[in-house]
Amino acid sequence: MARTPEEVFAHHGQSLGAEDLEEIIADYADDAVLVVQRKVYRGKDGAREVFTQLLSDVPQAEWELDQTFADDVLYLEWKATGGGRRVDNGIDTFIFKDGMIRVQTVVYTVQPA
């Protein structure tokens, strides 16, 4: 049985907090679409590029997450502080399918901490 969206996101959050790039990528469908800062990324390679950048933007971050699930959709507002930088305005939307992240949109602004 496929993982629920809540289970997928729980794993995603744990992997992000641990900065385990391969485990982060494992949550994405092979044909995933990520729209990040108005740029389109595709598949696991695209997700790897996105999270390599995010982890360098706020390394060893402490995360604050405010999430709302609606069936197979997750709306997420987040903050992160790490590496002398912070994000106060992160907003993501996830769409899950068959126990994987199929679509994600992301917008955030990095500032000095």
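## Leucine 34 and its surroundings

Leucine 34 is in contact with Tyr28, Lys39, Val40, Tyr41, Gly43, Ala47, Val50, Phe51 and Gln104, when neighbours within four places in sequence are left aside. The structure described here is a predicted model. Leu34 belongs to the largest nonpolar core, which has 28 residues, and together with Tyr28, Phe51, Trp78 and Phe94 it touches the most other members.

In soluble globular proteins, nonpolar side chains tend to be buried together.

## Overall architecture

The protein contains 3 helices and 7 strands. Their order along the sequence follows the pattern α-α-β-β-α-β-β-β-β-β.

The C-alpha trace spans about 40 × 25 × 25 Å along its principal axes. A compact globule of 113 residues would have a radius of gyration near 13 Å, and the value of 13 Å for the protein agrees with this. Of the contacts between residues at least 6 apart in sequence, 44% join residues at least 24 apart.

## Surface and charge

Of the 113 residues, 36% count as buried. The protein exposes about 6400 Å², and carbon and sulfur atoms supply 50% of that area.

The charged side chains comprise 11 positive and 21 negative ones. The centres of these two sets lie 7 Å apart.

## Histidine 12 in helix H1

Histidine 12 is placed in helix H1. Is this residue, histidine 12, buried or exposed? Its relative accessible area is 3%, so histidine 12 counts as buried, the cut-off for that class being under 20%.

Beyond residues up to four places away in sequence, histidine 12 touches Ile24, Asp27, Tyr28, Phe51, Phe94 and Ile101. Tyr28, Phe51 and Phe94 in this list are among the core residues that touch the most other members.

## Alanine 80 in strand E4

Strand E4 holds alanine 80, which is buried with a relative accessible area of 1%. Apart from residues up to four places away in sequence, alanine 80 touches Val58, Ala61, Glu62, Trp63, Arg85, Arg86 and Val87.

## Valine 35 and valine 106

Valine 35 lies in strand E1, while valine 106 is found in strand E6. These two residues are in contact with each other. Valine 106 is buried, with a relative accessible area of 10%; valine 35, at 30% relative accessibility, counts as partly exposed.

With neighbours within four places in sequence left aside, the contacts of valine 106 are Val35, Val36, Gln37, Trp78, Ile91 and Asp92. As for C-alpha separations, valine 106 and alanine 32 are 14 Å apart in space and 74 residues apart in sequence, and valine 35 is separated by 21 Å from histidine 11, which is 24 residues away along the chain.

Most residues other than glycine have a negative phi.

Aspartate 71 lies between strand E3 (62-70) and E4, and aspartate 98 lies between E5 and E6. Aspartate 71 is exposed, with a relative accessible area of 72%, and aspartate 98 is exposed as well, with 65%.

Notes
Residues are numbered from 1 along each chain as its sequence is written. This is a predicted model: local features need pLDDT of at least 70, side-chain atom pairs count only at pLDDT 80 or more; totals for chains, interfaces and linings use all residues. Side-chain values use heavy atoms; hydrogens and water are left out. A nonpolar core is a set of buried Ala, Val, Leu, Ile, Met, Phe, Trp, Tyr and Cys residues joined through side-chain atoms within 4.5 Å. Buried means under 20% relative accessible area, exposed over 50%, partly exposed in between (1.4 Å probe, protein chains only). Contact means heavy atoms within 4.5 Å. Helices (H or I, at least four residues) and strands (E, at least two) are DSSP runs, numbered from the N terminus. The radius of gyration is taken over C-alpha atoms; the globule rule is 2.2 Å times the number of residues to the power 0.38. Accessible areas come from the Shrake-Rupley method with a 1.4 Å probe; for residues, only the protein chains shown count as cover. Lys and Arg count as positive and Asp and Glu as negative; His and the chain ends are not counted. The place of a charge is taken as NZ of Lys, CZ of Arg, CG of Asp or CD of Glu.
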